[in-house]
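Please walk through this model with the coordinates open.

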Amino acid sequence: MDSTIQDTPINKKHFGEDFTWGVSTAAVQIEGAHDADGKGESIWDVFTAKKGKILNGHHHRTATDFYNRYQDDIDLIKQLNIPNFRFSISWARILPDGTGAVNQAGIDYYNRIIDYCLQQGIQPWLTLYHWDLPHALELQGGWTNRAVVDWFTEYVKICANAFGDRVKHWMVMNEPAVFTGAGYFFGIHAPGKTGIKNFMPAIHHAVLSITAGARVLRGALPDAEIGTTFSCSYIEPYSDNPKDVAAAVRVDALLNRLFIEPILGLGYPAELAVLKGMEKYILPGDEDNLKFEFDFIGIQNYTREIVKYSFFTPYIHASLVKAQKRKVPVTTMGWEVYPASIYHMLKKYDKYPQIKKIYLTESGAAFPDEIINGEVNDPKRVEYLQNYLQQVLKAKNEGCKVSGYFIWTLTDNFEWAEGYKPRFGIIYVDFETQQRTIKASGLWYANLLR
Ligand code: GAL
């Protein structure tokens, strides 16, 4: 396949032979088949069915139909020379009620994907939880109920047992800050709960579950590479006014340190006064259980945020100065295009001696792509990826322990509350016909990885 972009300034060789290249996806965003073959309801099935929750009333019930088209999509991954494929398991396909009876058809489905990847020479990277809690468990409080740690442990054991003979790379959870913050504080993601009373227990139970799940994997699969992923944004104060500077420190603690530090054995960040409300959820012995020595940390970075002191914002007394207001280049999500962000985040996490290895498990951008004469030319995405990778290389050359890069994402897909409007894929999807068209960015990636 010939790339339309010939002179890529970055070269795979500069990253070294051992650098891991991949592409990332998540079950809810691509699978569709929301009730096929015994799958139970997830919180996203229930949330998307409610009025006004998702832009334009979109839902994920068909999504990109990956459930039925996985072979074609894995063929495309192969065609693009991408050696590693990250995808997530839907808990409710494996355990329709969240606990108890196992749905063999769900296990068979993921086995087919894993086997097909391996036949094509593609390594599967599994995420065990990418935000789709079984609804049956949400009815019992979901992440606010401490029993979720046991429910999650049971589910992880089943997955380790079913897939561990072939899957060597595992991520316990995807971005706990986002699913607890958006799902249990702001209510803009499933399950749509709000307020500090839901957020506090959800945070603590998510951390306990991440490390409990990791211990299960370590025990069952001593040779597997075990990690978990975190969202992060580079934070800068709006001005050098000490109030703005202090506000930026608080937002940094909330977005970039809240989940990772307890897992590294450092406890919850002291800067977050709001966390005082969490004490009642922390039981004797928890402190030790919050820690786990991961083989790697996955970080996912898209942008930076500029932070201002705000008297009126409860708890955190800080607000974000929107990119549109700052008149900087943005993506369809309204996120600033700021390549140095990824460099700063790598440098930040590199400083923790407890972190052994970092993979960028997601990086990418949404732009309003269009098919013209059967082609999708997306120069902004190519530029974005090149510039972000340039910054990754800079950090790597300075000795940073970064070992891989996964593009978000393979195909355009269901972007949560934003529905199908933001197109993040390196492959275009016509959602009427499900036809795939490799974008110029896909050709660029194929060329880079050749
Ligand atoms: C991440 C998330 C992905 C994807 C991406 C782009 O936070 O893990 O599922 O939606 O952002 O918004």
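What follows covers strands, nonpolar cores and salt bridges in turn.

This is a predicted model, in which local features need pLDDT of at least 70, side-chain atom pairs count only at pLDDT 80 or more, and totals for chains, interfaces and linings use all residues. Residues are numbered from 1 along each chain as its sequence is written, and side-chain values use heavy atoms, with hydrogens and water left out.

Start at strand β2, residues 84–88. Helices (H or I, at least four residues) and strands (E, at least two) are DSSP runs, numbered from the N terminus. Five of the five residues of β2 are buried. Buried means under 20% relative accessible area, exposed means over 50%, and partly exposed lies in between (1.4 Å probe, protein chains only). Asn-84, Arg-86 and Ser-88 point one way from β2. Phe-85 and Phe-87 point the other way.

Which strands pair with β2? Two strands pair if DSSP finds at least two bridges between them. Strand β1 (residues 20–24) runs parallel to β2, and three bridges join them. Strand β3 (residues 123–129) also runs parallel to β2, with five bridges. Follow Arg-86 across the pairings. Ser-24 stands opposite Arg-86, and Arg-86 stands opposite Trp-125 in β3.

A nonpolar core is a set of buried Ala, Val, Leu, Ile, Met, Phe, Trp, Tyr and Cys residues joined through side-chain atoms within 4.5 Å. The largest has 145 residues. Trp-143, Phe-163 and Tyr-405 have the most contacts inside it. Helix α9 (residues 196–220) supplies the largest share of this core, 12 residues. Apart from this core lies another, of five residues, among them Trp-125, Met-171, Phe-296 and Tyr-359.

Look at Tyr-405 next. Contact means heavy atoms within 4.5 Å. Leaving aside neighbours within four places in sequence, the contacts of Tyr-405 include Phe-19, Thr-20, Trp-21, Leu-385 and Tyr-445. Now find Ser-403, in strand β9. Ser-403 is buried, with a relative accessible area of 18%. Not counting residues up to four places away in sequence, Ser-403 touches Asp-18, Phe-19, Thr-20, Lys-357, Ile-358 and Tyr-359. Ser-403 and Tyr-67 are 336 residues apart in sequence, and their C-alpha atoms are 30 Å apart in space.

Charged pairs come last. A salt bridge is a side-chain nitrogen of Lys or Arg within 4 Å of a carboxyl oxygen of Asp or Glu. How many salt bridges does a search of the whole structure find? The search finds 25.

Glu-336 and Arg-304 meet in one, at 2.8 Å, N to O. Glu-336 lies in the loop between α13 (323–326) and α14 (340–350), and Arg-304 lies in strand β6 (residues 296–309), so the pair ties together parts that are 32 residues apart in sequence. Both ends are buried: Glu-336 at 4% relative accessibility, Arg-304 at 13%.

Glu-398 and Lys-347 form another, with the closest N and O atoms 2.6 Å apart. Glu-398 lies in the loop between α15 (379–397) and β9 (402–408), and Lys-347 in helix α14, so this pair ties together parts that are 51 residues apart in sequence. Glu-398 is partly exposed at 40%, and Lys-347 is partly exposed at 26%.

Arg-69 pairs with Asp-65 at 2.9 Å between the closest N and O atoms. Here Arg-69 is partly exposed at 27%, whereas Asp-65 is buried at 12%. Finally, salt bridges link Asp-369, Asp-378, Arg-381, Asp-412, Arg-423 and Lys-439 in a network.
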